[in-house]
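This briefing is meant to be read with the sequence and the 3D view side by side.

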Amino acid sequence: PERADTIGHLTRIEEETGDLPGTIVPSSHTSRDADDHHNTSMEFDFLENEGDDSHSNSSGVYSDGVPSTIASHIDEEHPDQEVSNEISFRRIQGSSIEEICSFQIMDLLDRLGAPRNGYDRLIALIRKQKKSGFKVTKAIGRQTLMSMLKKRFPSPGVLSQPLDNTRIFFFPFTRMLQDLLDTMKEDIHIITASSSVSQPSDHSSVVQGGDELWDTDWMKRTFNGSHRDFNPTKDVMLPLILYMDKTGTDAYQRYSLEPLIFSLGCIKRDKREDRRAWRHMGFLPSTKKILDAKEKLHFYHRALSVILKSLREAQQHPPLVKITLPGGVVIHRQARLPVMLVMGDQLSQDTLCARMKANSGGASRVHRSCMCSYINVDDSTRSCTTVSADSLSHMSARATMSDEDLFRITEGDKWALSYMKR
């Protein structure tokens with residue numbers, strides 16, 4: 001016989017049926033798919049074996065002790081489950097209904113992969129809700145509840161657009177931006193053009209020379225450059241932070257997907273570590289099926305262009321957004337949306353900049369404007385040697401020269417011609 005601990009008692013699970021009454025059939029377990037659209041409740045049917053031919057079967061029972069009528073029903077609903085492991089369907093002797101039901105809830109949570117403390121947390125939540133007048137029998141099914149919430153709290157829906165033989169999925173940027181502002185309204189800082197620091201939404205003092213993104217020289221140059229016509233009575237500065245990183249979608253990492261997400265530089269750094277401070281812009285599909293390297297890169301940027309289309313439109317025609325100030329005062333401003341940071345791992349950044357992949361053996365230069373290799377990237381004392389734009393232009397011009405031009409420059413010297421081609 002197997003044994004299981006249930007709320008302080010050792011319950012004996014019998015392997016054979018014998019003449020013991022009380023086979024337990026959790027009806028909500030076998031029909032939960034059909035009850036998703038209705039109010040759900042947990043109830044258990046007790047099938048008495050004594051004097052009831054309607055629940056008996058002349059063919060006997062399976063070798064693991066489960067009556068054949070019940071086991072056949074289980075096989076129809078759950079063909080992949082091992083009946084021998086379904087202890088909630090076995091005969092339990094000497095247990096109260098509270099022990100039996102508690103054990104079945106705990107067993108269900110274990111089979112669903114819930115943490116060990118999930119049972120105690122669920123029971124505590126149910127008891128707390130009961131004090132508020134909630135009854136478990138009045139619980140609403142998942143799909144019904146989600147439909148009700150979507151109607152009550154509209155959220156941005158996903159859009160799609162075909163590109164070659166692939167469909168690109170993305171979100172409307174303006175609606176995602178407003179959703180982010182509504183979520184993080186208490187942590188949005190109003191950045192002013194008159195100084196390098198922002199006015200925080202609370203009444204705390206502003207520390208000059210802080211380490212937030214709105215304290216940077218980039219922010220000053222932005223106000224003095226392309227956004228010098230900024231009007232604080234009509235506009236609000238919302239610098240964007242973009243992040244992209246390819247990740248696998250299955251256990252074997254065979255099907256990859258690269259999400260492009262964004263946040264705002266006017267949100268404090270510690271608050272940006274919260275997942276609620278980020279929103280999706282779209283998903284870059286896998287390019288594994290494209291064999292040619294140039295075609296693969298071209299497709300990547302075309303897909304990125306589809307996702308960023310709504311952002312470009314918002315930058316050209318600033319949308320009107322709603323900002324909540326301290327005290328609950330709501331104002332409407334036109335959103336200025338300069339891109340402040342584009343973050344990602346080395347592979348994503350190399351693809352974004354159309355640079356040769358260097359993620360396998362270490363990059364000779366990990367920064368676009370600094371001659372710093374992967375060997376010295378963690379050395380904080382190393383000074384940065386600026387990348388020469390003239391040198392890059394010279395190398396680019398030589399790399400794109402035709403064979404005829406190279407032959408003329410080298411004057412027909414085979415060694416020099418071979419060297420130039422390399």
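Two strands are said to pair if DSSP finds at least two bridges between them, and helices (H or I, at least four residues) and strands (E, at least two) are DSSP runs, numbered from the N terminus. This is a predicted model, in which local features need pLDDT of at least 70 and side-chain atom pairs count only at pLDDT 80 or more, while totals for chains, interfaces and linings use all residues. Residues are numbered from 1 along each chain as its sequence is written, and side-chain values use heavy atoms, with hydrogens and water left out.

**Overall make-up**
- The secondary structure of the protein comes to 12 helices and 17 strands.
- Of the 422 residues in the protein, 34% are buried, where buried means under 20% relative accessible area, exposed over 50% and partly exposed in between, with a 1.4 Å probe and protein chains only.

**Strands 15 and 16**
- Strand 15 (residues 320-324) and strand 16 (residues 330-336) run antiparallel and are joined by five bridges, with valine 321 opposite arginine 333 in strand 16.
- The two strands, strand 15 and strand 16, form a hairpin with five residues between them, and glycine 327 in the turn has a positive phi of about 90°.
- In a regular strand the side chains alternate between the two faces of the sheet.

**Strand 13 and its partners**
- Strand 13 (residues 256-264) is largely enclosed by the rest of the structure, because seven of its nine residues are buried.
- Strand 11 (residues 240-244) pairs with strand 13 in the antiparallel sense over five bridges, and leucine 240 stands opposite leucine 264 in strand 13.
- Strand 12 (residues 247-248) also pairs with strand 13 in the antiparallel sense, over two bridges, and here glycine 248 stands opposite serine 256.
- Strand 14 (residues 279-284) runs antiparallel to strand 13 and is joined to it by five bridges, with isoleucine 261 opposite histidine 280 in strand 14.

**Helices 3 and 4**
- The axes of helix 3 (residues 97-111) and helix 4 (residues 118-131) come within 9 Å and cross at roughly 125°, the axes being lines fitted to C-alpha atoms over the stretch in contact, with angles running from 0 to 180 degrees between N-to-C directions.
- Contact, meaning heavy atoms within 4.5 Å, is made by Ser102, Ile105, Met106 and Leu109 of helix 3 and by Gly118, Tyr119 and Leu122 of helix 4.
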